[in-house]
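Hello,

Here is the structure I promised to pass on. Please open it first, then read my notes below.

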Amino acid sequence: MRRRNLAVVLGAVAAHGPLSRADVAGRVGLTRAAVSSLVDELIGRGAVTEAAATVRGRVGRPGRALTVCDEGPAGLGLEIGVTHLGACVTDLRGEPRIWRRVERPNAGRPAGRVLAEAAALGAEVEAEAEALGLSVAGRLLAVPGVVPNRPGGLVERAPNLGWSGVRLADHWPDPDTVPEPENEANLGALAEYWNAGRSEETFVHVSAETGIGAALVIDGRLFRGARGFAGELGHLPVRPDGPDCACGARGCLEQYAGEAAVLREAGLPPHGSPAGGPTGTGPGDAVALLAVRAAAGHAPTLRALDRAGRALGLALTSAVDLIDPDGLVLGGAYAELADWLLPSVRAELAARVTVRPWAPEALRPSVLGRRGPLLGAALTTVRRIMADPTLLPAG
Ligand SMILES: [Zn+2]
């Protein structure tokens, strides 16, 4: 009960602060004495701070201003992509305070090497956070792979990295900072849900980096499936007699809307051009290159994106008919290509989703795009603390 009340008070301060103690009591429907005791505990645990400045409460005299700490507890997110590493620290207000992305060709390199580099980046960023007065209270690692539900820090498969059965603790140099792995598509969807202030409670978030990942948020909760393998939209068949797929089947969505397939159709080299694009995140950024070509009216690129959009629309029709979502979100790299993907995805949905009214605006690009998974990894810790402030050590 107290744990729940701590979360309620912290939630009120986060959503409406700065607030006086009286104001908090008015908002959460508890007595002033009860709220004061809860506030004292939240201050002791480093979640809330009480400034000398005053705010006028709903009742009585002005009180001192309570706000969520921008120092103290923080979440660390790490990301291993096929071509990069990332690290992010968010404070308890959910604000990203440190953001780092370094290009690294991670595909096919030994998992131990990649994890050691990710750990070094994490340690560097944690030291930086400490200098800002932040202390990391939890660590998550976004990976482009399958992470089973059972605990143990296992990445079951990450085909685009060449990983299979990688247990993070076996490779992480510092046993005290081993992060919890989570699928990048799931984290991207959660970040979108938490951060974008949208009203959709049930939605499908489809994202593309090298592979295609989907995540289902149902009634505000991530749906992970019986084993944690839900959301493998990339291997949904869109043409039973289509081209062979690396997964062993044929005609999978990835063969039409995956990065490699789109680049091939557009007549571009597999990893973009060495020069990259002017809006790119680095040399060889294939997505930026596609966007530049499409914006310039390059016919093969436009055809490739139209074909990808139609295949995506076909696959998403199945998702719509199965789970009846409020919305569909194109995330990751798809968000940057949305101008060219949305028309054909919408056309396909309009033609196929016929049993219920389907509004074209129910399909939208994500707000966070390729930033989603890393932000989601850092925010997961923040959300856990907000839901249960007793996770923080008592002061
Ligand atoms: Zn496949």
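Which residues in α1 meet Val-24, Arg-27 and Val-28 in α2? They are Val-8, Val-9, Ala-12, Val-13 and His-16. Contact here means heavy atoms within 4.5 Å. Helices (H or I, at least four residues) and strands (E, at least two) are DSSP runs, numbered from the N terminus.

A word on the source. This is a predicted model, in which local features need pLDDT of at least 70 and side-chain atom pairs count only at pLDDT 80 or more, while totals for chains, interfaces and linings use all residues. Residues are numbered from 1 along each chain as its sequence is written, and side-chain values use heavy atoms, with hydrogens and water left out.

Back to the helix pair. Helix α1 covers residues 2-16 and helix α2 residues 21-28. Their axes come within 10 Å and cross at roughly 110°. Axes are lines fitted to C-alpha atoms, for helices over the stretch in contact, and angles run from 0 to 180 degrees between N-to-C directions. That makes α1 roughly perpendicular to α2 (65 to 115 degrees).

Next, the sheet. It is open, has five strands and mixed pairing, and its order is β12-β11-β10-β13-β14. Two strands pair if DSSP finds at least two bridges between them. β12 and β14 (363-365) are the edge strands, each pairing on one side only. From one strand to the next, the twist averages 30°. Strands β10 (residues 203-208) and β13 (residues 327-332) run parallel, joined by six bridges. Ala-208 stands opposite Gly-332 in β13.

Helices pack here too. Helix α10 (residues 299-323) touches β10, β11 (212-218) and β13. Its direction makes about 155° with that of β10. Helix α12 (residues 338-352) lies across β13 and β14, at about 170° to β14.

Last, the zinc ion. Its protein donors are His-235 (ND1), Cys-245 (SG), Cys-247 (SG) and Cys-252 (SG), at 2.0 to 2.3 Å. Donors are N, O and S atoms within 2.8 Å of the metal (3.2 Å for Na, K and Ca). The site is tetrahedral, with angles of 105 to 119° among its four donor atoms; the term requires all angles to lie between 85 and 135 degrees. The donor spacing in sequence is H-x9-C-x1-C-x4-C. His-235 and Cys-252 both lie in the loop between β12 (221-223) and α7 (254-257), so the pair ties together parts that are 17 residues apart in sequence.

Best wishes

Conventions. Tetrahedral: all angles 85-135°; square planar, octahedral: opposite > 155°, others 65-115°. Parallel < 35°, antiparallel > 145°, perpendicular 65-115°, else oblique.
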